[in-house]
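Subject: Structure for you to look at

Hi,

Here is the structure I promised. Please open it and keep it beside you while you read my notes.

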Amino acid sequence: MVTFHPDRPGPLADVPTFHRGIGGAESNVACYLARLGHRVRWISRVGADGFGDRILQEMAAAGVDVGEVQRDAARPTGVYFKERLDGHTAVTYYRGGSAASAMSADLVGREKAWSGRVLHLSGITAALSDSCRDLVRALTERVPGRPHISFDLNHRPALWNGRDPAQLIGIARRCDTVLVGEDEAEAAWGLASANGVRAALPEPGTLVVKQGARGATVYSRQPDGTDTAHFEPALTVDVVDPVGAGDAFAAGFLSATLRGLPLPARLRYGHVLAAVALTVPGDLGCPPPHARVAHLVGLDDATWDSLVLGQGWTEKDEPR
């Protein structure tokens, strides 16, 4: 989507000017992974309009392969506006009838979608339309030849329009790595704890339950069928804008997964990338060089716990 960020707090009716950017769950993950040095392809649909042009330009500039993105001459590119109200950020979507909402299993084939080592999907795509939901189901089917499937719940109540997000449980259970916010699991599925989420999703080999500013817990299925669980505290961050932090976390976790790092390091990669997103006003920040990310991930526990990251920390030599 194209995103519009207000230049001052207040309701949409009173804010005179906005800063344009780009955003979207999977596209954010794609850009972060590309900036971390991975080869990334983004598959989607945008309108044959100026906003679609802008999205493709910015994503290509980030290093993402956009060659499989379809242009729709009959439907517009999705848009959303942010509001900053009483210290909180709210989002208003304009995505009904968008080009992305017309995605389907007929338009997006498995051959392209399954061509990488990992395919990352989210519940936002499934929420856009019934055809999008069916596409996500088709891509997560457990059949020979599919890659490692990563799925982020990304529950957005405004997109469901009265439909039941509980249907995403069935999709999540078919995936290999699943990322879920503890708060969104309660809102979407009525599950009030990390252990409750794991009980509802026993199949994924790796389950990450994000627990806000506290940190995140990863569950891992062992060869003997038992589960291990590890909690890693989040970094302390001076929050500028929370939107996009979950996508950044997913990118960090997946980057570390692709590098074959142990589970605690994967969580720390997620926390470092989330800190990038939390300290910029838009959805998408620019992470520091990978060597610095790796340095932060490798800090001892006491130093990790003592860090405080604020706006602009990625451009400084060392965080305070």
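First, is Asp 53 buried, partly exposed or exposed? Asp 53 counts as partly exposed, because its relative accessibility is 35% and that class runs between 20% and 50%. Bear in mind that this is a predicted model.

Now the salt bridges. The count comes to 23. Here are three of them.

- Asp 53 pairs with Arg 71, at 2.8 Å from N to O. Asp 53 sits in helix 2 and Arg 71 in strand 4, so the bridge ties together parts 18 residues apart in sequence. Arg 71 is partly exposed too, at 35%.
- Lys 82 pairs with Asp 283, at 2.8 Å from N to O. Lys 82 is in strand 5 and Asp 283 is in the loop between helix 10 and helix 11, so this pair joins parts 201 residues apart in sequence. Lys 82 is buried, at 2% relative accessibility. Asp 283 is buried as well, at 3%.
- Arg 163 pairs with Asp 130, with the closest N and O atoms 3.4 Å apart. Arg 163 is partly exposed at 25%, and Asp 130 is partly exposed at 41%. Both belong to a network of salt bridges that also links Arg 133, Asp 134 and Arg 137.

Last, a helix pair. Helix 1 and helix 9 pack at about 45°, with axes 8 Å apart. They are therefore oblique to each other. The crossing is right-handed. Among the residues that meet there are Tyr 32 and Leu 33 from helix 1 and Leu 254 from helix 9. The contact residues divide into eight nonpolar, two polar and one charged.

Best wishes

Note on methods. Residues are numbered from 1 along each chain as its sequence is written. This is a predicted model: local features need pLDDT of at least 70, side-chain atom pairs count only at pLDDT 80 or more; totals for chains, interfaces and linings use all residues. Side-chain values use heavy atoms; hydrogens and water are left out. Axes are lines fitted to C-alpha atoms, for helices over the stretch in contact, and angles run from 0 to 180 degrees between N-to-C directions. Helices (H or I, at least four residues) and strands (E, at least two) are DSSP runs, numbered from the N terminus. Angles under 35 degrees count as roughly parallel, over 145 as roughly antiparallel, 65 to 115 as roughly perpendicular and the rest as oblique. A crossing is left-handed if the near helix is turned anticlockwise from the far one by less than a right angle, and right-handed if clockwise. Contact means heavy atoms within 4.5 Å. Ala, Val, Leu, Ile, Met, Phe, Trp, Tyr, Cys and Pro count as nonpolar, Asp, Glu, Lys and Arg as charged, and the others, Gly among them, as polar. A salt bridge is a side-chain nitrogen of Lys or Arg within 4 Å of a carboxyl oxygen of Asp or Glu. Buried means under 20% relative accessible area, exposed over 50%, partly exposed in between (1.4 Å probe, protein chains only).
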